[in-house]
Amino acid sequence: MTALPAAESVAPVATARQEGGSPPSRLHAENLRLGYGENVIVDGLDIDVLDNTVTAVIGPNGCGKSTLLRALGRLLNPQQGHVLLDGKRIDRMPTKEVARVIGVLPQTPQAPEGLTVADLVARGRHPHQTWYRQWSSDDESAVAEALRLTGMLEFAERTLDQLSGGQRQRAWISMALAQGTDLLLLDEPTTYLDLAHQVDVLDLVYRLHAEAGRTVVMVLHDLNLAARYADRLVAMRAGRIVAQGEPAEVLTEELLREVFELDARVVPDPVAGTPLVVPVGARNRSS
Amino acid sequence: MPGRPPLRVGPASWVLRARALAVPLVGLAVVVLLMAVNIGRGEFPLSVTDVLNVLVGGGDRPQRFIVLDLRLPRSLTGALVGAALGLSGALTQTITRNPLATPDITGITAGAGAAAVSVIVVGGSYGSLTGQLAEIGVPLAGLVGGLLSAILVYLLAWQRGVEGYRLVLVGLGAHALLSSLTYWLLTLGDVTDASRAVVWLTGSLNGRGWEHVTPVAIALAVLVPLTLLGAHALGALQMGDDTARGLGVRVNLTRALLLLAAVALAAVATAAAGPVAFVALATPQIAMRLSRTAQPPMIASAVLGAVLTVGSDLVARTAFGAVELPVGIITAVLGAPYLMYLLVRRYREVRA
């Protein structure tokens, strides 16, 4: 929202970062154009994912937030521009090497029916394995730790079809955790969950960040939960970033009108003090 | 970790799954036994112990001639063809995450069939392919036809990557098209060529010699180790492209290579014995249920493919008195109800 510091526009980006001109960021993207064939969804986008923060990407349906997340996790190659990890182009790094730094949880992940939770979570260790080293003691302790963090240890031997939606989501998050990456990209980790389970999952995400110092980027639909659990919000509309910064800075009544075309009041959350969005809606407007 | 006991030797480590280990071992013993019984049956019957005795180097001269020169190649071709088909089916089912996506459903064996029949019919009536040339020509045409139809199906199903369901639908279309092409070819040839072609088309082990064993054995010796190297990535591939990429798998490359291996296995098997139906479809699923794994196990699928094919050949040769049926009839009779079961079950799943 503020003008770029003068240092960045003169010196090369990487050196400016190391000299402490801007907050540290291992993962960033420059001048991204993303889309599928003729259909361009994101154009001319720059983003720095700040280290040791939880960033929530918000925006209306079809604004390109999932597309951006897929590009950051090299699931989608940019038509133009680059995603850089530690200063190196992510599409030129060996994909297995990237997988040891960035973990991605897609929006609707799939797994075979009969797979057990332990087997699912163990697949998160794939980037650390070879054909002859498939279940080392490192693998075993990483899987056990991931299951413990999500409270899924007792369900280790259940198959996925025996779990509730919330448990299944926790199993998937355990898989991403077992991957042991510093960065986690989560695409709508709370989809299909009731409110209590949404809060559970986000509490877990926040704990991972607070206790293990992981950097998390997640796409979220619920603005109030995003404001509560994220250190930074990135608001997108029509493939561009409209605003980014702390939730209190970003989540304003003007922004909601501009980005979501939503008439709403923003009041302090009575529990957390973060912005709370209260939509007006047609029913209450005239009265 | 409960459910995942480790097997660790030096730097190597695996999950120790007792059932997944036992199924191929028991299966292997059953194959050897079925082969011994199959070899023993015939105009000069031999006991199982006589056959096994010859196989380990004993027996008298006539016994050795009957077993090693006359009957072993047939059973061995059956076992190897079944193993190749089982492994091929396990690969394609895992890659596409669809139990219907096997070479015999998706046009690969149909392509091999059309190519082989065109050689039999055209070569037969013009007399250009006879004797030795026809012996090599038919399997070679089958191999080329299978590979070509697989490439065609893959390209037609390609749309920014290949998705399992599209592959099955395009494959079913290709299968129908190539089958009608085959029947049209049959009407062109004269009666003897056509009947020779029909026997080949049902899948037969009759008259198979060492020259049929060798190509399948070489293909398996090369492709089985390669497949096992790739099998580790299969676990990740089975969870969808995005998750697999996130886990550091080069999705399109790995999938293309493994599919190529599967097609080569199916085409070589078809070239040796004709399109033996349903082995590739049924055995991976049976192996998966016996091993209690979440995806078709590679080695167990290969071994059970051999069990099913040799077992079916034994039934085809001996259960109907003097009449010897082609092995493909028996596998089809066993496999067709299973295909119907799969279709009905999938339909219910979609409806639910």
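## Annotated segments of chain B

Residues 325-344 of chain B are 90% helix and 0% strand, with 29 Å between the end C-alpha atoms. This stretch is listed in an unreviewed UniProt entry under the annotation "transmembrane region", which also covers residues 21-40, 105-124, 136-157, 164-186, 216-237 and 257-282 of chain B. Residues 164-186 of chain B are 100% helix and 0% strand, and the end C-alpha atoms of that span lie 32 Å apart. The model is predicted, and the annotation itself comes from the UniProt record.

## Annotated domain of chain A

For chain A, an unreviewed UniProt entry lists "domain: ABC transporter" over residues 27-263. In the model this span is 35% helix and 25% strand. Its end C-alpha atoms are 34 Å apart.

## Confidence of the prediction

The predictor assigns the complex an ipTM of 0.87 and a pTM of 0.87. Chain A has a mean pLDDT of 89, with 92% of its residues at 70 or more. The pLDDT is below 50 over residues 1-20 of chain A, a stretch that has 19 contacts in the model beyond near neighbours in sequence.

Chain B has an average pLDDT of 87, and 94% of its residues score at least 70. Over residues 125-129 of chain B the pLDDT stays under 50, and the model has eight contacts for them beyond four places in sequence. Where pLDDT is low, predicted coordinates should not be read in detail.

## Helix packing in chain A

Helix α7 (residues 165-178) of chain A packs against helix α8 (residues 195-212) of chain A at an angle of about 15 degrees, and their axes are 10 Å apart. Because angles under 35 degrees count as roughly parallel, α7(A) and α8(A) are roughly parallel to each other. The crossing of α7(A) past α8(A) is right-handed. On α7(A) the contact involves A:Gly166, A:Gln169, A:Arg170 and A:Ile173, and on α8(A) it involves A:His197, A:Asp200, A:Val201 and A:Leu204. The contact of α7(A) with α8(A) comprises three nonpolar, three polar and two charged residues.

## Helix α11 of chain B and its partners

Helix α11 (residues 279-291) of chain B packs with helix α1 (residues 18-40) of chain B at about 130 degrees, with 8 Å between the axes. This angle makes α1(B) oblique to α11(B). B:Arg19, B:Ala20 and B:Val23 of α1(B) meet B:Ala287, B:Leu290 and B:Ser291 of α11(B). Four residues of the contact of α1(B) with α11(B) are nonpolar, one is polar and one is charged.

α11(B) also packs with helix α12 (residues 298-318) of chain B, at an angle of about 120 degrees and with the axes 8 Å apart; α11(B) and α12(B) are therefore oblique to each other. The crossing of α11(B) past α12(B) is right-handed. Among the residues in this contact are B:Thr283, B:Ala287 and B:Ser291 of α11(B), and B:Ser301, B:Leu304 and B:Leu308 of α12(B). The contact of α11(B) with α12(B) has seven nonpolar, five polar and no charged residues.

## Contact between the chains

Chain A contributes 35 residues to the contact and chain B contributes 27. On the side of chain B that touches chain A, β2 (12-15), α8 (210-237) and α9 (241-246) of chain B each supply at least two residues. The residues of this side of chain B comprise 12 nonpolar, 10 polar and five charged.

Technical notes:
Residues numbered from 1 in each chain as written. Chains lettered and ligands numbered in written order. Predicted model: local features only at pLDDT ≥ 70, side-chain atom pairs only at ≥ 80, totals over all residues. Axes fitted to C-alpha atoms, helices over the stretch in contact; angles between N-to-C directions. Helix = DSSP H or I, 4+ residues; strand = E, 2+ residues; numbered from the N terminus. Parallel < 35°, antiparallel > 145°, perpendicular 65-115°, else oblique. Left-handed = near helix turned anticlockwise from the far one by under 90°. Contact = placed C-beta atoms within 7 Å. Nonpolar A, V, L, I, M, F, W, Y, C, P; charged D, E, K, R; others polar. UniProt positions renumbered as here; feature names shortened; annotations may be inferred. pLDDT = per-residue confidence, 0-100.
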